[in-house]
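Work through the exercises below with the sequence and the model open. Each task is followed by a solution in steps.

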Amino acid sequence: MAAAGGLPAESADERGRGGLWAALAGLTTRGRSFLAAGVAAAICAFVLGQEDLLRVGLLLAVLPLVCTVVLYRTRYRVAGSRRLEPGRVPAGSEARVQLRIDNVSRLHTGLLMLQDRVPYVLGPRPRFVLDRVEAGGKREVSYRVRSDLRGRYPLGPLQLRLTDPFGMCELTRAFSAYDTLTVIPRTEPLPPVRLSGEAAGYGDGRHRSLALAGEDDVIPRGYRHGDDLRRVHWRSTARYGELMVRREEQPQRARCTVLLDTRDIAYAGAGPDSAFEWAVSGAASALVHMLERGFSVRLLTDTGSSVPGEGAGGFAGTTQDSSDSAGLMMDTLAVVDHSDGGGLSRAYDVLRGGNEGLLIGFFGDLDEEQAAVAAKMRRRSGAAVAFVLDSGLWTQGGPEHGPVEERLRLLREAGWTALAVPPGAALPDLWRRAGRERTNAGAASGGAAGTAGGWS
């Protein structure tokens, strides 16, 4: 047999190590029964002096051995391949696996059983029975896999099981190639709401800047057909002796940090409907949404680690394609697990370096100390939105850190837009509510400022 590409699936050293004796281990229950019955009949015939019984015993014992030798010396050459579509799927969605077997030898094969190894969370192990494959022929089969749990799951190796016509012996040969299915968190489309004041990064609300700030330091370029004459830089025109215009304003992508609290002590329960899985899914939805809205985004966890990006400070989406950035972060969230840390100080150390734009946090249970640390993060961010999950509400026996409303009040006093997440809450509804609270807070602060300074 051969693996994909025509390489032998059964190499010479494998034959040397096990040889024919290893093939005997492939005897089926029928083959072992025939062998045992033949040996017993031969012994009885020898003791009783019955030649006819001896002949029957030898026939019963020799038949499975002959089948084993014939099957072992079969020189099938089979090439196998696997195609996985798609290679990355959200939790709860299906992926299709297509298997192809090519007979590259000059002989037709016998009965083949095709089996692919898959983790139990993806479903039962697929098995297919293939009738004889003619020389140069091929067979294609497919199956579907589905998982409600995110993660990275290996598919393979592909195995072929050969049997003799009498069912006395089965030999299994495996190909070496395998594929990996990545199950990412489920994401939900979020409504376009304003969460960061002037909504930098949202449409025409993005910040813009000239190449250099000062009028005297502006770098002009030569006039091109169609340029607006209002952008003519007359000082440079007089200096260079040709018509010069100011460079176009360059958009600056607003930044957004999505903070995911992964502390083990902050969550209780497990499974697809647990609070931790909701937080991971919420972070994934926020990442995709902010990338689609034109932000350069960074994924940060309580451990202080972030997904590396090509942009400055680890922000992705600055020079990368948004789909590539989203794929990298989704692959990270597919395997993220609980951390052993007890606090949020390392994440705070990363954020306190400067103003990082919009901050969106998904927190588990917060005691008074960690709520104070989270409150300080707001001082380093232009705007901050927190979704706080109380494990005591999501499952019985969750850790008790006092009423969640006290933690929300502490965050709100520090400037956060903080929302409690009840069990089974829909993130789009909470997202829309956070936008309304941000808008109301901005209107209230604007009205207070106008009253203090007088109306013009």
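**Exercise 1: helix 2**

In helix 2, the residues G31, G38, A41, A42 and A45 are buried, where buried means under 20% relative accessible area, exposed over 50% and partly exposed in between (1.4 Å probe, protein chains only). The model is a predicted one, in which local features need pLDDT of at least 70, side-chain atom pairs count only at pLDDT 80 or more, and totals for chains, interfaces and linings use all residues. Residues are numbered from 1 along each chain as its sequence is written, and side-chain values use heavy atoms, with hydrogens and water left out.

Task: state why the buried residues of helix 2 line one face, and what they pack against.

Solution. 
1. Seen down the helix axis, the buried residues of helix 2 fall within an arc of 105 degrees, so they line one face; the arc is that of the directions from the helix axis to the C-beta atoms.
2. On the other side of helix 2, T29, I43, V47 and L48 are exposed.
3. The buried residues pack against helix 3 (51-72), contact meaning heavy atoms within 4.5 Å.
4. Helices (H or I, at least four residues) and strands (E, at least two) are DSSP runs, numbered from the N terminus.

Task: check the length of helix 2 (residues 29-48) against 1.5 Å a residue.

Solution. 
1. The expected span is 1.5 Å times one less than the number of residues.
2. For the 20 residues of helix 2 this gives 28 Å, and the end C-alpha atoms are 28 Å apart, which agrees.
3. Just after helix 2, G49 takes a positive phi of about 70 degrees.

**Exercise 2: the surroundings of R82**

Task: is R82 buried or exposed, and which side chains make polar contacts with its side chain?

Solution. 
1. R82 lies in strand 1 (residues 78-85).
2. Its relative accessible area is 15%, so R82 is buried.
3. The side chain of R82 makes a polar contact of 3.0 Å with that of D116 and one of 3.2 Å with that of D179. A polar contact is a pair of N or O atoms within 3.5 Å; within protein, one must be able to donate a hydrogen and the other to accept it, and residues adjacent in sequence count only if both atoms are side-chain atoms.
4. Not counting residues up to four places away in sequence, R82 touches residues including V97, L99, L155, P157 and Y178.
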